[in-house]
Every structure is written in structure tokens, then in C-alpha cells.
Amino acid sequence: MSNASTIKYLREHASLFMLLGIGLVILGVLAVIYAFTSTLISVMYLGFFLLIGGVFEGIKAFKMNRAGHFFLHALLCILYILAGLYLFFNPAINAITLTLVLAIFFVVAGIFRIAVALTRNVPHKTWLLINGIISVLLGALIWYQWPVSGLWVIGTFVGIDLIFTGWTWIMLAPTVKHIHARH
């Protein structure tokens with residue numbers, strides 16, 4: 001996609017970016033208000049998707065039986081299902097472990113956002129930079145409080161990240177309407 005076509009695309013979809021941003025901010029606020037519940041839901045959500053992945057691995061095991069990959073996919077099926085069940089039915093226990101994973105995610109995502117903001121010519125550079133800095137700080141705070149606050153920190157920090165990500169999209173929408181393509 002050329003610079004001009006990218007800008008045209010951004011302009012044409014500015015309203016969708018605004019709606020996406022508003023939706024993410026609302027979802028983020030709800031996640032912060034109901035931090036314990038959103039933490040448990042997040043862990044159960046992951047467990048549910050591992051269960052679904054296990055079912056698909058099981059189907060693939062029987063479909064690929066002729067190709068000689070049955071045991072690999074059957075083993076993956078069992079691992080996905082066991083991990084999914086464990087996460088789904090023990091969300092409070094697993095929240096503590098996942099807080100460490102979440103800390104790593106926020107730090108890496110934040111560094112990526114900062115790098116993009118500093119190295120790319122994006123129209124909402126300042127907001128992307130702020131978003132990245134907030135993500136790195138959230139990751140550091142999770143790590144600092146781990147494991148004590150594992151039952152509420154996931155929901156709170158995911159909510160805060162959603163709010164800032166939503167705000168970044170909200171700020172992109174009016175910005176793209178005023179940029180001009182360079183030829």
C-alpha cells in the first residue's frame with residue numbers, strides 16, 4: 001500500500017477508528033471497576049480457547065492418521081485440553097502465574113509501541129509513545145507486586161491498557177482527517 005492509499009484508507013475509516021476507541025475505553029473502564037471478576041474471566045477465557053484448540057487438534061489427529069502424524073496431534077490434543085481445563089476450572093490459582101506472563105507481555109508490547117512511535121512516521125506518534133510508556137510501566141508494576149496482587153492486577157491492568165489503547169484510536173480518528181498525502 002502506498003503512502004497516499006494508506007492515508008486515503010485511514011481517512012475513509014476514521015469513524016470506525018473512533019468507534020473502536022470508544023468501545024475499548026468503555027470495556028477498559030468496566031474491567032477496572034470489576035477487576036477481580038475480569039481477572040477470573042480472562043483466565044477462564046484463555047482456558048476455553050485452549051479447550052477449543054484441543055478439540056481441533058483431536059480432529060486433526062484423526063484426519064491425519066494416514067499421514068503418520070496421529071500421535072503428535074493426539075498428544076497436542078490431550079495437552080491443550082488438560083491445560084484448558086486446568087485454567088478454566090482453577091482461574092484464581094492460575095491468575096497468579098499468568099500475572100507474570102502478563103508483565104512480560106506489557107513490557108514487550110510497550111517497547112514495540114515505543115519503537116514504532118520513535119522510528120516510524122505515524123500520524124498519532126505522541127499517543128502511541130504514551131501508550132507504549134504506560135504499557136511498560138504497567139508491566140513493571142505487575143512484576144513488582146507479583147504474586148500478592150495476582151487476583152486483581154490482571155483485570156485492572158488489562159483495563160488500563162484497553163483505556164489507553166482506545167484513547168490512542170480515538171486520537172487517531174480526527175488526526176487522519178487533517179493529514180495530506182505526500183507525493
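Let's start with the side chain of T39, which reaches the backbone oxygen of L151 at 3.3 Å. A polar atom of that T39 side chain also lies 2.7 Å from the backbone nitrogen of G155. A polar contact here is a pair of N or O atoms within 3.5 Å; within protein, one must be able to donate a hydrogen and the other to accept it, and residues adjacent in sequence count only if both atoms are side-chain atoms.

Before going on, a word on where this comes from. This is a predicted model, in which local features need pLDDT of at least 70 and side-chain atom pairs count only at pLDDT 80 or more, while totals for chains, interfaces and linings use all residues. Residues are numbered from 1 along each chain as its sequence is written, and side-chain values use heavy atoms, with hydrogens and water left out.

Back to T39. The residue lies in helix α3, residues 35-63. Helices are DSSP runs of H or I with at least four residues, strands are runs of E with at least two, and both are numbered from the N terminus. Is T39 buried or exposed? T39 counts as buried, because its relative accessibility is 0%. The cut-offs are these: buried is under 20% relative accessible area, exposed is over 50%, and partly exposed is in between, with a 1.4 Å probe and protein chains only.

Now the helix packing. Two packed helices are described by the angle between their axes and the distance between the axes. The axes are lines fitted to C-alpha atoms, for helices over the stretch in contact, and the angles run from 0 to 180 degrees between N-to-C directions.

Take α3 with α4 to begin. Their axes come within 7 Å and cross at roughly 160 degrees. That makes α3 roughly antiparallel to α4. On this scale, angles under 35 degrees are roughly parallel, over 145 roughly antiparallel, 65 to 115 roughly perpendicular, and the rest oblique. The contact of α3 with α4 has 19 nonpolar, six polar and two charged residues. In this classing, Ala, Val, Leu, Ile, Met, Phe, Trp, Tyr, Cys and Pro are nonpolar, Asp, Glu, Lys and Arg are charged, and the others, Gly among them, are polar. α3 and α4 cross in a left-handed way. Left-handed means that the near helix is turned anticlockwise from the far one by less than a right angle; right-handed means clockwise.

Next, α2 (residues 14-33) and α7 (residues 153-176), whose axes come within 7 Å and cross at roughly 160 degrees. That makes α2 roughly antiparallel to α7. Which classes of residue make up the contact of α2 with α7? There are 21 nonpolar, seven polar and no charged residues. The crossing of α2 and α7 is left-handed.

L24 sits in helix α2. L24 is buried, at a relative accessible area of 16%. In sequence L24 and L162 are 138 residues apart, yet their C-alpha atoms are 5.5 Å apart in space.

For another case with α7, look at α5. The two helices pack at an angle of about 20 degrees, with axes 10 Å apart. That makes α5 roughly parallel to α7, and their crossing is left-handed.

Now the loops. N90 is in the loop between α4 (70-89) and α5 (91-119). Its relative accessibility is 25%, so N90 counts as partly exposed. From N90 to M44 is 46 residues in sequence and 8.2 Å in space, C-alpha to C-alpha. P147 is in the loop between α6 (125-145) and α7. The peptide bond from W146 to P147 is cis, with omega near 0 degrees.

Last, the rings. How many aromatic pairs does the structure hold? There are eight. Rings of Phe, Tyr and Trp (its six-membered ring) pair if their centres lie within 6.5 Å; planes under 30 degrees apart are stacked, over 60 edge-to-face, and the rest tilted. F62 and F70 are an edge-to-face pair, at 5.3 Å centre to centre and 65 degrees between the planes. F70 and F71 have ring centres 5.3 Å apart and planes at 80 degrees, so this pair is edge-to-face. F62 counts as exposed, because its relative accessibility is 63%. F71 is exposed too, at 68% relative accessible area. Elsewhere, ring pairs link Y45, F48 and F49 into a cluster.
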